[in-house]
Amino acid sequence: MENPRKKSNWRKTKVQNLVRHRNGTYYLRFKVNGKSVWRSLKTKLLEVAKRLLPKVLEDERERAGIASEAHDNMTIEEAIRLREKQLDNDASLKPATRHYWQQCHRALLKSWSGLGQRNLGT
C-alpha cells in the first residue's frame, strides 16, 4: 500500500512568518484581522528574504488598515473614522456587511453628536 500522507510543498524556517516553497521561493505568512495572508518575497535566498520580511510585513499591515493611528485620547469620531478606513481596505467584506457597519457608525455618531466630543479614555 502507498503511504496516505501527502508530501507538503512547504518547509518551515527558523524565522517567524517565513516559509519556503518546494521550488525554493520564500513567502511571508501571517494573519491580519484573523485572516491568513501569504505574500511572495520573490527570492530564493534566505538572507535576502530575512531583510525583506519586516518591510513587506509593515506594508501589508498598512494596506490592511492596521496603522499606529490609534492613541489614548482618541475621540469616538476618530475611532469610527479609523474603523471605516479599515473596512474600506478589507476586500473580503461583503457589501451587506459593509453597509451594516456604516449604519452602526452613523447611529453612533448621531447619538454622540448631542453630547459633544468625548474621549475614549474618559
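In this predicted model, Glu 47 is an exposed residue, since its relative accessible area of 52% lies above the 50% cut-off. The side chain of Glu 47 meets that of Lys 50 in a salt bridge, with a distance of 3.5 Å from N to O. Both residues belong to helix α1, and because they are 3 residues apart they are separated by about one helical turn. Lys 50 is partly exposed, with a relative accessible area of 36%.

The side chains of Glu 60 and Arg 39 meet at 3.1 Å, N to O. Glu 60 is buried, as its relative accessible area of 13% falls under the limit of 20%, whereas Arg 39 counts as partly exposed at 29% relative accessibility.

Salt bridges with shared partners join Glu 77, Arg 81 and Glu 84 into one network. Between Glu 77 and Arg 81, the closest N and O atoms are 4.0 Å apart. Glu 77 is partly exposed, with a relative accessible area of 37%, and Arg 81 likewise counts as partly exposed, at 39% relative accessibility. In the whole structure, the search finds 5 salt bridges.

Turning to the strands, β3 (residues 26-32) is largely enclosed by the rest of the structure, because 5 of its 7 residues are buried. Strand β2 (residues 18-21) runs antiparallel to β3 and is joined to it by 3 bridges, with Leu 18 having Leu 28 of β3 as its bridge partner. The two strands β2 and β3 form a hairpin with 4 residues between them, and in the turn Gly 24 has a positive phi of about 105°. Strand β3 also pairs with strand β4 (residues 35-40), again in the antiparallel sense, over 6 bridges, and here Tyr 27 stands opposite Ser 40 of β4.

Strand β2 also contains Arg 20, which counts as partly exposed at 34% relative accessibility. On the surface, Arg 20 gathers with Lys 7, Arg 11, Arg 22 and Lys 44 in a patch of positive charge.

Technical notes. Residues are numbered from 1 along each chain as its sequence is written. This is a predicted model: local features need pLDDT of at least 70, side-chain atom pairs count only at pLDDT 80 or more; totals for chains, interfaces and linings use all residues. Side-chain values use heavy atoms; hydrogens and water are left out. Buried means under 20% relative accessible area, exposed over 50%, partly exposed in between (1.4 Å probe, protein chains only). Two strands pair if DSSP finds at least two bridges between them. Patches are made of residues with over 30% relative accessible area and no salt bridge: like charges are joined within 9 Å, nonpolar side chains (Val, Leu, Ile, Met, Phe, Trp, Tyr) within 5 Å. Accessible areas come from the Shrake-Rupley method with a 1.4 Å probe; for residues, only the protein chains shown count as cover. Lys and Arg count as positive and Asp and Glu as negative; His and the chain ends are not counted. The place of a charge is taken as NZ of Lys, CZ of Arg, CG of Asp or CD of Glu.
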